[in-house]
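Hello,

Here is the structure for your files. My notes on the sheet and the helix packing follow it.

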Amino acid sequence: MPRSIEVAVPEPSQEPPKGRAPSIRDVARVAGVSHQTVSRVLNHHPSIRPETKQRVLDVMAELQYTPNRAARALVTSRSRTIGILSASSTHYGPASSIAAIEAAARASGYWVSTANIESSDAVSIADGLAYLRAQGIEGLVVIAPQVRVFDTLAQLSIDVPYVTLQSTGRDPEHTLSVDQIAGARMATRHLIERGHRSIYHLAGPQDWIEAEARMRGFLDEMGAQDVPTTAPILGDWTADFGFYAGRELLTVRDFTAIFASNDQMALGVMHAVRDAGLEIPRDVSIIGFDDIPEAAHFWPPLTTVRQDFAELGRRCVALLLGDLDDAAPEYRGTIVPELIVRDSVGAPSF
């Protein structure tokens, strides 16, 4: 009867000395595998057994091991880095998009390097691209609010796969976005269906692509429903502007509802309405856009339009990685937002 042979697995040794960052060989030693196996885990090699991969990942977490990206790039000739060029990262939408892309990239084994440009002039854009190229990026995401940014990018040489997250209609092959027009039409239609006919639109900055799209959606739906319109009021996305605009409008009070182009301006309007001794939605109905985390806790909770940033990030990374592998999936185009109905919209009282 043949004897069974048991292969001994090396006993895990001690953690690396304190004061020194753990290396790939430290991970291999503690996990009881070769450093080549750790390298294969880092590079998502399909030949690694799931239990081995999990053991290596557990040791990496235990040792707080961070792979040396520069060394890996030299060995694999790939940086596994996606670049983000952002001209508006302080605002909710762009900031949420960046966070979603980072999460989706990590899930696919990629890093993200972000260049935040303070100005949308040609020099700042070129400098931002140069910074990202120096990181050896394999793909690029452009998050910028103004059309002029894309005019500048069209004059520059982008030699990696790229995706833009604003729909300008100029480059459909590289565009992925949330359908802002459809979202604005949803919001406007909801007000009209509740019986409102005197509706003001508090728009965003005139040079923002999303603000223009939301304003267009408002006007399209008002026209389609044969409801008289007044000129939209151009704002700046801030709650302060919403407050002052709301206070001015209430001196005339020739409206029953306001559709604000983002939740912050809607919050400012709500403040002005309550400051005037009126109630929402009994006296004025208000609807916003974005569904920021605080919107459900406004008083009353705000009806708004939710953008699925997690899905946007997932599709964006999938599209870039598909291009890198010459097998781009059909993820281009638009994502339809969702109307979130809460308590800030009711039937008009007059």
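An open sheet of 4 strands is ordered β2-β1-β3-β4, with parallel pairing; a pair requires at least two DSSP bridges between the strands. Helices (H or I, at least four residues) and strands (E, at least two) are DSSP runs, numbered from the N terminus. The edges are β2 (111–116) and β4 (162–164), each with a single partner strand, so one side of each has no neighbour in the sheet. Neighbouring strands are turned by 20 degrees against each other on average, direction ignored.

This is a predicted model: local features need pLDDT of at least 70, side-chain atom pairs count only at pLDDT 80 or more, and totals for chains, interfaces and linings use all residues. Residues are numbered from 1 along each chain as its sequence is written, and side-chain values use heavy atoms, with hydrogens and water left out.

Strand β1 (residues 81–86) runs parallel to β2 and is joined to it by 6 bridges. I84 has T114 of β2 as its bridge partner. Helix α6 (residues 122–134) packs on the sheet and touches β1, β2 and β3 (139–143), contact meaning heavy atoms within 4.5 Å. The direction of α6 makes about 160 degrees with that of β2 (axes are lines fitted to C-alpha atoms, for helices over the stretch in contact; angles run from 0 to 180 degrees between N-to-C directions).

Elsewhere, helices α2 (residues 35–42) and α3 (residues 50–63) pack at about 90 degrees, with axes 10 Å apart. That makes α2 roughly perpendicular to α3 (65 to 115 degrees). T37, V38, V41 and L42 of α2 meet T52, K53, V56, L57 and M60 of α3.

Regards

Terms used
Angles under 35 degrees count as roughly parallel, over 145 as roughly antiparallel, 65 to 115 as roughly perpendicular and the rest as oblique.
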